[in-house]
Amino acid sequence: MDLAFFGVQLLNGLQYGLLLFLIASGLTLIFGIMGIINLAHGAMYMIGAYLVYDLTLRLGNFWVAILVAVPIAIALGLIIERLFLDTLYKRDHLYQVLLTFGLILVLNEAQRIIWGGDVHSVPVPAPFDASLQLTDNLQYSVYRLFVMGVCLALAAAIYWVIRHTRLGIIIRAGAVNRDMVEGLGINVRTLFTLIFSAGVALTAFAGMIAAPLSSVAPGMGDSILITCFVVVVIGGIGSIKGAFWGAILIGMAETFGSVLIPSLASMVIYLIMAAVLLVKPRGLFA
Amino acid sequence: MTAAQQVTTPLIDARNIHTYYGESHVLHGVDLVLMPGETLSLLGRNGMGKTTTLKSILGFVPPREGQVAIKGIPVAKRRPWQLIRQGIGYVPEGRGIFPGISVREHLTMAARSNDRGETLWTLERVLDTFPRLGQRINHDGSFLSGGEQQMLSIGRALTTNPDLIILDEATEGLAPLIRDEIWKIIRNIQASGIASIIVDKNIDNLLDVADRHLLLVKGRVVYSGDSHGLKADPSILDTHLGVA
């Protein structure tokens with residue numbers, strides 16, 4: 001592997017990892033604070049990608065499509081949380097798994113009814129439809145760099161909210177002891193709605209900005225869901241910091257794994273998870 | 001509500017509450033009335049229903065029968081946070097300190113004015129009351145000693161500017177010197193006009209601090225009265241608590 005190729009893979013791994021972080025951050029907050037195992041989280045990623053595909057066709061502009069799609073994703077999160085999850089908080093995880101698995105089927109079917117079974121693509125939007133000459137023999141997609149920048153900016157914003165605002169303190173406290181947070185006179189119910197909607201919006205947004213990088217296809221959220229659960233477990237359930245470093249680690253491992261040891265590529269992330277759990281059973285930052 | 005009504009309306013008016021854990025009937029018709037500024041102790045051996053009484057009033061374990069009113073307003077089917085927002089500061093058994101959250105964050109996360117818009121307990125006043133917390137303001141709350149954690153839990157409750165503070169096992173597991181400090185703080189809180197319900201095993205201090213006492217045995221109130229009554233008839237404490 002020459003240096004240029006290594007550099008490209010490094011950037012690809014970083015970009016993939018940062019995208020994973022957007023999805024995993026919502027997943028870890030929903031699981032860590034609300035105690036909800038949201039199997040439909042990956043389906044939201046797919047819905048985000050399809051929304052931006054559809055709206056780009058209708059509105060003729062990727063950026064306007066994103067501006068319209070994000071509020072739709074937030075509304076979808078609100079509706080799901082209020083209509084379906086509200087009754088399940090006190091119940092066993094099995095009920096949540098059944099419900100959110102059912103939501104996967106419903107959302108996948110809705111996707112087929114609305115957009116069909118074909119694979120679509122979303123063109124890379126201007127002004128990022130170009131390549132940047134990083135070295136003499138290394139070019140890199142400007143849009144990929146843009147995606148990295150957006151993900152890093154969002155990661156910084158999430159970190160700031162979690163570490164430096166009262167809402168962040170409450171979220172961190174809620175991840176440890178929900179009842180005590182309520183015992184301080186804080187409306188945990190509204191906090192749950194906010195977190196779920198934000199989590200859904202983040203993963204849908206990840207699907208939106210990832211759409212020009214890959215095809216928009218039925219079931220595209222299913223595989224990424226599994227990867228994100230691995231990220232959450234490695235980082236520590238409920239930890240945003242853990243989700244970030246877990247996502248970077250898995251992003252790199254999956255990217256380099258598929259290049260260096262293709263025959264074991266599908267196993268690499270699980271081997272890493274097993275190794276981390278052996279050393280730190282609650283994850284790296286729990 | 002007028003000022004006169006505020007004084008004559010009980011902060012807590014719980015009547016005939018029956019509470020269950022599953023099929024287990026834990027509270028059998030407990031009555032508890034607390035007036036503004038009053039200090040009430042809940043006495044009883046372990047497992048007699050003291051914490052359950054508090055949790056029933058706060059809505060964490062809602063009673064199946066009976067009525068609870070806070071400041072004259074019935075609170076059936078309300079969530080605990082809504083009840084606590086009516087002016088209750090809660091210091092739970094075990095202290096409820098969050099790992100990973102600093103002392104400063106504990107003292108700001110729930111800070112608010114009371115329902116009259118007054119902010120009598122600011123962060124500065126809490127730190128003046130608990131100088132130890134000021135020295136450890138940026139430390140993780142879970143790294144504090146047991147006494148400091150109890151001070152933090154009380155300080156956090158005070159930042160909500162409550163009319164009533166509920167202390168469940170106020171000095172449990174603390175060293176004697178720290179216990180004395182906590183009792184001194186409780187007296188200061190009492191002197192500031194905040195009502196309190198205190199659960200603790202230190203009978204002498206409770207007899208000294210509390211205006212009234214409820215003695216619970218197997219989920220029933222077997223004694224309700226002031227310290228004079230308990231001191232005048234030592235057999236009550238001897239029979240039900242094994243102390244005289």
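I counted a residue as buried if 20 or more other C-beta atoms, placed from the backbone, lie within 10 Å of its own. Helices are DSSP runs (H or I, at least four residues), numbered from the N terminus. This is a predicted model, in which local features need pLDDT of at least 70, side-chain atom pairs count only at pLDDT 80 or more, and totals for chains, interfaces and linings use all residues. Residues are numbered from 1 along each chain as its sequence is written, and chains are lettered from A in the order in which they are written.

Entry, helix α6 of chain A. I looked up residues 166-176 and found A:Ile169, A:Ile170, A:Ile171, A:Arg172, A:Ala173, A:Gly174 and A:Ala175 buried. These buried residues pack against α1, α5, α7 and α8 of chain A, together with α4 of chain B. Contact here requires C-beta atoms, placed from the backbone, within 7 Å.

Entry, the contact between chains. I noted 17 residues from chain A and 18 residues from chain B. On the side of chain A, α6, α7 and α8 each give two or more residues, and the largest share, 6 residues, comes from α6(A).

Entry, α2 and α3 of chain A. The axes (lines fitted to C-alpha atoms over the stretch in contact) come within 8 Å and cross at roughly 135°.

Terms used
A residue is buried if 20 or more other C-beta atoms lie within 10 Å of its own, exposed if 12 or fewer, and partly exposed in between; C-beta atoms are placed from the backbone. Two residues are in contact if their C-beta atoms, placed from the backbone, lie within 7 Å. Axes are lines fitted to C-alpha atoms, for helices over the stretch in contact, and angles run from 0 to 180 degrees between N-to-C directions.
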